[in-house]
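Please open the model in a viewer and follow the stops below in order. Each stop gives a selection and then describes what is found there.

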Amino acid sequence: MNYASTRNPATQVGLSHALAQGLAADGGLYVPCTLPAFNARDFDADDSLADVAHRLLQPFFADDPLAAHLSEICTTALDFPAPLVPLTPAHTGMLELFHGPTAAFKDFGARFLAACMRQVGATDGLERTILVATSGDTGAAVADAFHGKPKLRVVVLYPDGRVSPRQAHQLGCFGDNILTLRVDGNFDDCQRLVKQALADAGLRSRLCLSSANSISLGRLLPQMSYYAHASIRHWRTRGGELNFVIPTGNLGNALAAILARRCGLPIGDIALATNANRVLPDYFSGSAYQPMASLATLANAMDVGAPSNFERLRWLYPDEQALRGEFIAEAVEDAGIREVIAHGEARYGRVFCPHTACAVRVLERIRERGDSRDWAVVATAHPAKFEQVVEPLVGHAVEVPAALAMLLDRPSQAEPIGADFEPFRERLRLN
């Protein structure tokens, strides 16, 4: 299996090279040159998430030195549950992706990428600096996954004042080989700084730069696994496809489901739920694709005005008319988020985080249009990470998961930095 840039399909590299580089040299995103074909029966011998991941990802690792370590990587990185739990009313479920060490779905991809990068480093002996821009959850997951790992340094950038207090505490509570920078700007500024650094040939060479954002294949590929696992379990018990509503900002999590479906997994329709940042809903309703400055919302981890993975989506669907006809994307304003959270326990017996609430509201609209098929909302983070939003709406404290509580007990600090590239470049050179 080789990987090519979305901007130059003629230039192809192996998986280890694509992971080490993060972003292609021409600024494009790496994509597989071919996609394997599966059916649900191919996984008859696989029950655990790690087993499904191993079988699903084998073709993507083919002929790469990492292939010999894939089983171990899956077993060690994907060692926490991703349960598909029933909700009321009937034909409704929730895929809970917040049972990892930082209580967000980003733990799956971050731990998998860290395990891959350790093997890549063991092969070439290079010391690498991993850059990650975060709108709330990615940075903590990456920091936790890479913390204390030899020859791997991480620089986390987050928009100052635009993440929840508990998210901010997580982001700065690691130290050691983790440098956390709070940027005077929005998430798009953080993402721009990372991309500028990766495009700086001198800086990239000197620091052996790579990325841990969803632009990295090491994040994207393992995220396919929990959609495969959930849809296979559903297919075994109900005999049909499972449809998903996925909260999305940078489009990485949704793209993983889309790729899993393209590979033949029993996944039906995929609906994209955004917050008030309407780039994707506007596009899928017929407007030209037009990135814009991001807006601050209650669902802050989705405050993205220029979703990076849209480039991969266009690679997968080069016919724009076919792409527009394949998905629905709907925006949920803060008022809708509040309403879902406030009534979540009465309607569904659940407390939702603001991002999951976006997916729940979109599914409610789908039901209102008369769709009675099997749907699952994707729960991307634990509500305890957003206590200042959630607890006043539900009227009680939300229990903090043990792993999250341990992180919150640590001291935390982050360095302030502006949104201009040159000061960031110099800070990297000093790191």
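Begin by selecting Asp64, which is placed in the loop between helix H2 (49–61) and helix H3 (70–77). Helices (H or I, at least four residues) and strands (E, at least two) are DSSP runs, numbered from the N terminus. The model is predicted, so local features need pLDDT of at least 70 and side-chain atom pairs count only at pLDDT 80 or more, while totals for chains, interfaces and linings use all residues. Residues are numbered from 1 along each chain as its sequence is written, and side-chain values use heavy atoms, with hydrogens and water left out.

Is Asp64 buried or exposed? Asp64 is buried yet has no salt bridge. Buried means under 20% relative accessible area, exposed over 50%, and partly exposed in between (1.4 Å probe, protein chains only). A salt bridge is a side-chain nitrogen of Lys or Arg within 4 Å of a carboxyl oxygen of Asp or Glu. The nearest side chain of opposite charge is that of Arg128, 11 Å away; for charge, Lys and Arg count as positive and Asp and Glu as negative, and His and the chain ends are not counted. Display Gly14, Leu15 and Ser16 as well: Asp64 is in contact with these residues, its neighbours within four places in sequence being left aside. Contact means heavy atoms within 4.5 Å.

Next, select Glu72 in helix H3. Glu72 is partly exposed, at 47% relative accessibility. A distance drawn between the C-alpha atoms of Glu72 and His54 reads 9.1 Å, although the two are 18 residues apart along the chain.

**The sheet**

Now colour the strands of the open sheet, which has 6 strands in the order S4-S5-S13-S10-S11-S12 and mixed pairing. Strand S4 (84–87) and strand S12 (328–331) stand at the edges with a single partner strand each, so one side of each has no neighbour in the sheet. Two strands pair if DSSP finds at least two bridges between them. From one strand to the next, the twist averages 25°.

Within the sheet, strand S5 (residues 92–96) and strand S13 (residues 375–379) run parallel and are joined by 5 bridges. To see one of these, select Thr92, whose bridge partner in S13 is Trp375.

Axes are lines fitted to C-alpha atoms, for helices over the stretch in contact, and angles run from 0 to 180 degrees between N-to-C directions. Helix H15 (residues 354–368) also packs on the sheet, touching S5, S10, S11, S12 and S13. The direction of H15 makes about 165° with that of S13.

**Backbone geometry**

Most residues other than glycine have a negative phi, and most peptide bonds are trans. Select Thr88 and Pro89, which are joined by a cis peptide bond with omega of about 0°. Pro89 lies in the loop between S4 and S5.

Move to Leu251, in the loop between S10 and H10. Leu251 is not a glycine, yet has a positive phi of about 75°. Its relative accessibility is 1%, so Leu251 counts as buried.

Asp176 is in the loop between helix H6 (165–171) and strand S8 (178–183). Phi of Asp176 is positive too, near 55°. Asp176 is exposed, with a relative accessible area of 71%.

**Salt bridges**

How many salt bridges does the structure hold? There are 29. Select Arg236 and Asp47, whose closest N and O atoms are 3.2 Å apart in a salt bridge. Arg236 lies in helix H9 (residues 217–238) and Asp47 in the loop between strand S3 (30–32) and H2, so the pair ties together parts 189 residues apart in sequence. Arg236 is partly exposed at 34%, and Asp47 is exposed at 54%.

Asp374 and Arg238 form a salt bridge with closest N and O atoms 2.7 Å apart. This pair links distant parts of the chain, 136 residues apart: Asp374 is in the loop between H15 and S13, and Arg238 is in helix H9. Asp374 is buried, at 13% relative accessibility.

Finish with Glu368 and Arg361, whose side chains meet in a salt bridge (3.8 Å, N to O). Glu368 is exposed, with a relative accessible area of 60%, whereas Arg361 is buried at 19%. Select Glu339, Arg347, Arg361, Glu364 and Glu368 together to show one network, joined by salt bridges that share partners.
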